[in-house]
Amino acid sequence: MAAERAGGGGRARKVVPKSDHDFVTGTSYAPAPESSDHVKLAKNYDLFIGGKWVKAGKRMKTVNPATEKVLAEVGEAGAKEVDLAVKAARKAHDSVWGKMPGRERGKYLFRVARLLQERAREFAIIESMDGGKPIRESRDVDLPLVAAHFFYHAGWADKLEYAFPGRKPRPLGVAGQIIPWNFPLLMAAWKLAPALACGNTVVLKPAETTPLTALKLAGLFEEAEFPDGVVNIVTGGGATGQALVEHPGLDKIAFTGSTAVGKMIQRSLAKSGKRHTLELGGKAAHLIFEDAPINQAVEGIVNGIFFNQGHVCCAGSRLLVQEGVAEEVIRKLKRRMETLVVGDPLDKNTDIGAINSQEQLGRITKLVACGTEEGARCWQSGQQLPGRGYWFKPTLFTDCAQSHRVVQEEIFGPVLAIQTFRTTEEGIEKANNTPYGLSGGVWTDKGSKIFKVAGAMRAGVLWANTYNKFDPTSPFGGYKESGVGREGGVHGLGGYLELQE
Ligand code: NAD
């Protein structure tokens, strides 16, 4: 891949060796590694079914993507174990949880929320070790949001009638829930908290590369003394997920992951009678107008695509910038990219951690090479990458055509495709011109322009003069190939209830 490199005119770079890694930072901060000595990981984890830890016939390894070291082995559930879990969930629903008064269910959820707050540090460290995301993000974003989701939904458990006036809300029954690796614990909270608050029981399948925090969370459900079988956690890969989707004993499938797998799931659910919500991929665009606060916008772009390695479904992976400020924005963006700290996810200075897996690194590398082959101009910042683990430099493409794969396809890595526009209409037209419609950002000084653009963008979530802000009270979900249904807020509750007249 012929990428332009950052020139030698930038600030001096200093090599900072750290603990057992020899990570190199883009700036000269002293290392500030979060200690992981107190974190207790078992060598092996079983499946959590019916309130017990059940051995699976097969096992698989989970690896720290920053070091390539095996962290633990976990069970790989087959159809038999999935069946056990669904039956345990059904029994718990019919005998206890589905009948329990909402205020009692709420108490259990409040208990888990408080336990999560108490154990936030340990969970944040494990999340960073297993997934590769910077500790700053796991600690300051993921864990507070995870606890907030449980608190928020605990509050709804005894007020469902008020959320849907004139209707009788009833739980659906048993939900099968499948989640990806980019926000492992947060996605688990998005799924579990509303389902449980509404009186459903669940079988949750975490992603194969990031099973550890979900398994640790199972321990918290035990500590909170949830009735057996209310929450079941089965680890495994795509085959485990498929076995769950195809199980006839479920009332609902809630899936978050790629559009390709989401489409397969939707096909397989057709005529099954199971309800479903699908939270899928995205290719969000930032629209930067000439009257935008440029420095703030540059920070927003960096936050939107480079933090968390671009492993965010609503990552702002496209930048549409009005011609008059394009040169300034790109210059400032490159300068800011040079200062990003790439390396040890457990270092508190780190902005960009490890790519989640070798497979994902391969996908990013292939699509970036394709961008150059198709004629876009690739630029990468000059950080040196650590020798071990999976890493990718902050990358941007200019001279992009609308048809280029880097403009149309989700890369799910720290890669930004830049295009320009002249009029508001052209900007909106380009922003909407992908198969996705999950999110977007608009940057302008004019409130009226914000409303005009927000009304015309075909995206489920729109941020104005900010980016990537989340709250459990806000519904989240996509248009077009970005998904079906909404999660979060009152809309999300509706996805786990039958609303009788
Ligand atoms: P993925 O689709 O490969 O896997 C997601 C989950 O589905 C994993 O647990 C996986 O084991 C399971 N799975 C794989 N094949 C399956 C099958 N045939 N049947 C049932 N389950 C199966 O996605 P990923 O690579 O883990 O995650 C990245 C994707 O997730 C990106 O596309 C991203 O945009 C999307 N995502 C979307 C949201 C959202 O809210 N819209 C949030 C986070 C991530």
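Mentor: One term to begin with: rings of Phe, Tyr and Trp (its six-membered ring) pair if their centres lie within 6.5 Å, and planes under 30 degrees apart count as stacked, over 60 as edge-to-face and the rest as tilted. This is a predicted model, where local features need pLDDT of at least 70, side-chain atom pairs count only at pLDDT 80 or more, and totals for chains, interfaces and linings use all residues. Residues are numbered from 1 along each chain as its sequence is written, and side-chain values use heavy atoms, with hydrogens and water left out.

Trainee: Okay, how many aromatic pairs does the structure hold?
Mentor: There are 14 aromatic pairs. Take F150 and F221: their ring centres are 6.3 Å apart and the planes sit at 65°, so this pair is edge-to-face.

Trainee: Where in the chain are F150 and F221?
Mentor: The pair links distant parts of the chain, 71 residues apart. F150 is in helix α4 (residues 135-156) and F221 is in helix α7 (residues 212-223). Helices (H or I, at least four residues) and strands (E, at least two) are DSSP runs, numbered from the N terminus.

Trainee: And are F150 and F221 buried or exposed?
Mentor: Both F150 and F221 are buried. Buried means under 20% relative accessible area, exposed over 50%, and partly exposed in between (1.4 Å probe, protein chains only). F150 and F221 also belong to one aromatic cluster with W97, Y108 and F226.

Trainee: Which residue lies over the face of Y108?
Mentor: That's R111, at 5.0 Å from the ring centre. K133 lies over the face of F183, at 3.8 Å from the ring centre. The rule is that a charge sits over a ring if NZ of Lys or CZ of Arg is within 6 Å of the ring centre and within 35 degrees of the ring normal.

Trainee: New topic: how is the protein chain divided?
Mentor: Into domain 1 (1-30), domain 2 (46-280 + 482-500) and domain 3 (282-464). Those bounds come from an automatic or database domain assignment. The C-alpha centres of domain 1 and domain 2 lie 39 Å apart.

Trainee: What lines the largest pocket?
Mentor: 45 residues, with W181, G257, S258, V261 and R363 nearest its centre. Helix α9 gives the largest share of that lining, six residues. Domain 2 and domain 3 each supply at least three residues to the lining of the largest pocket. By class, this lining has 20 nonpolar, 15 polar and ten charged residues. Ala, Val, Leu, Ile, Met, Phe, Trp, Tyr, Cys and Pro count as nonpolar, Asp, Glu, Lys and Arg as charged, and the others, Gly among them, as polar.

Trainee: Where does the second largest pocket lie?
Mentor: Domain 2 and domain 3 both give residues to its lining, so the second largest pocket lies between them. Its volume is about 340 Å³. Of its 16 lining residues, E137, V141, N303, F307 and N468 lie nearest the centre. The largest share of the lining, five residues, comes from α4.

Trainee: And how many cavities of 30 Å³ or more are there?
Mentor: The count is five. The largest cavity holds about 100 Å³ of space. Its lining includes L145, F183, W190 and E279, and helix α6 (residues 184-197) gives the most to it, with three residues. In that lining, ten residues are nonpolar, one is polar and one is charged.

Trainee: What about the volume of the second largest cavity?
Mentor: That one is about 80 Å³. Of the 15 residues lining the second largest cavity, R318, A431, S439, R458 and A459 are the closest to its centre.

Technical notes. 1 Å grid on protein atoms, 1.4 Å probe; cavity = no way out; pocket = protein on both sides within 12 Å on 5 of 7 lines; lining within 4 Å. Points joined across faces, edges and corners; volume = space filled by probe spheres on them.
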